[in-house]
Amino acid sequence: MFLGLKWYWWLVIVTVLIISIPFKIKFMKWWSGREQNKKNGQYGKWGDDE
């Protein structure tokens with residue numbers, strides 16, 4: 001078989017990748033929102049700093 005793995009291991013790998021894609025998208029959206037909040041939160045923190 002391809003790279004020494006049996007066909008069912010490829011099926012397992014592909015299934016895990018397909019299931020993990022929505023979680024990755026959700027995590028990336030959460031992370032970018034978190035970074036945006038951090039950036040916005042720093043501006044008014046010390047008074048008139050820009």
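These legends walk through a few views of one predicted model.

**View 1**
Welcome to the predicted model. Its secondary structure comes to 1 helix and 0 strands. Helix 1 covers residues 7-43. Of the 50 residues of the chain, 0% count as buried. The accessible surface of the chain comes to about 5200 Å², and carbon and sulfur atoms account for 68% of that surface.

**View 2. A nonpolar patch on the surface.**
Here we look at six side chains: Trp7, Tyr8, Trp9, Leu11, Val12 and Val16 make up a nonpolar surface patch. Together these residues have about 650 Å² of accessible area.

**View 3. Phe27 and Trp30, a tilted aromatic pair.**
The structure holds 5 aromatic pairs. In one of them, the rings of Phe27 and Trp30 have centres 5.8 Å apart and planes at 40 degrees, so the pair is tilted. Both Phe27 and Trp30 lie in helix 1, where 3 residues, or about one turn of the helix, separate them. How accessible are these two residues? Phe27 counts as partly exposed because its relative accessibility is 46%, and Trp30 counts as partly exposed at 49% relative accessibility.

**View 4. Phe27 again, now with Trp31.**
Phe27 also forms an aromatic pair with Trp31, and this pair is stacked. The ring centres of Phe27 and Trp31 are 6.0 Å apart, with 25 degrees between the planes; the pair counts as stacked because planes under 30 degrees apart fall in that class. Along helix 1, Phe27 and Trp31 are 4 residues apart, so about one helical turn separates them. Trp31 has a relative accessible area of 36%, which means that Trp31 is partly exposed.

**View 5. Arg34 and Glu35, a salt bridge.**
How many salt bridges does the structure hold? The structure holds 1 salt bridge, and its partners are Arg34 and Glu35. Their closest N and O atoms are 3.7 Å apart, so the pair meets the cut-off of within 4 Å.

Definitions and conventions
Residues are numbered from 1 along each chain as its sequence is written. This is a predicted model: local features need pLDDT of at least 70, side-chain atom pairs count only at pLDDT 80 or more; totals for chains, interfaces and linings use all residues. Side-chain values use heavy atoms; hydrogens and water are left out. Patches are made of residues with over 30% relative accessible area and no salt bridge: like charges are joined within 9 Å, nonpolar side chains (Val, Leu, Ile, Met, Phe, Trp, Tyr) within 5 Å. Accessible areas come from the Shrake-Rupley method with a 1.4 Å probe; for residues, only the protein chains shown count as cover. Helices (H or I, at least four residues) and strands (E, at least two) are DSSP runs, numbered from the N terminus. Rings of Phe, Tyr and Trp (its six-membered ring) pair if their centres lie within 6.5 Å; planes under 30 degrees apart count as stacked, over 60 as edge-to-face and the rest as tilted. Buried means under 20% relative accessible area, exposed over 50%, partly exposed in between (1.4 Å probe, protein chains only).
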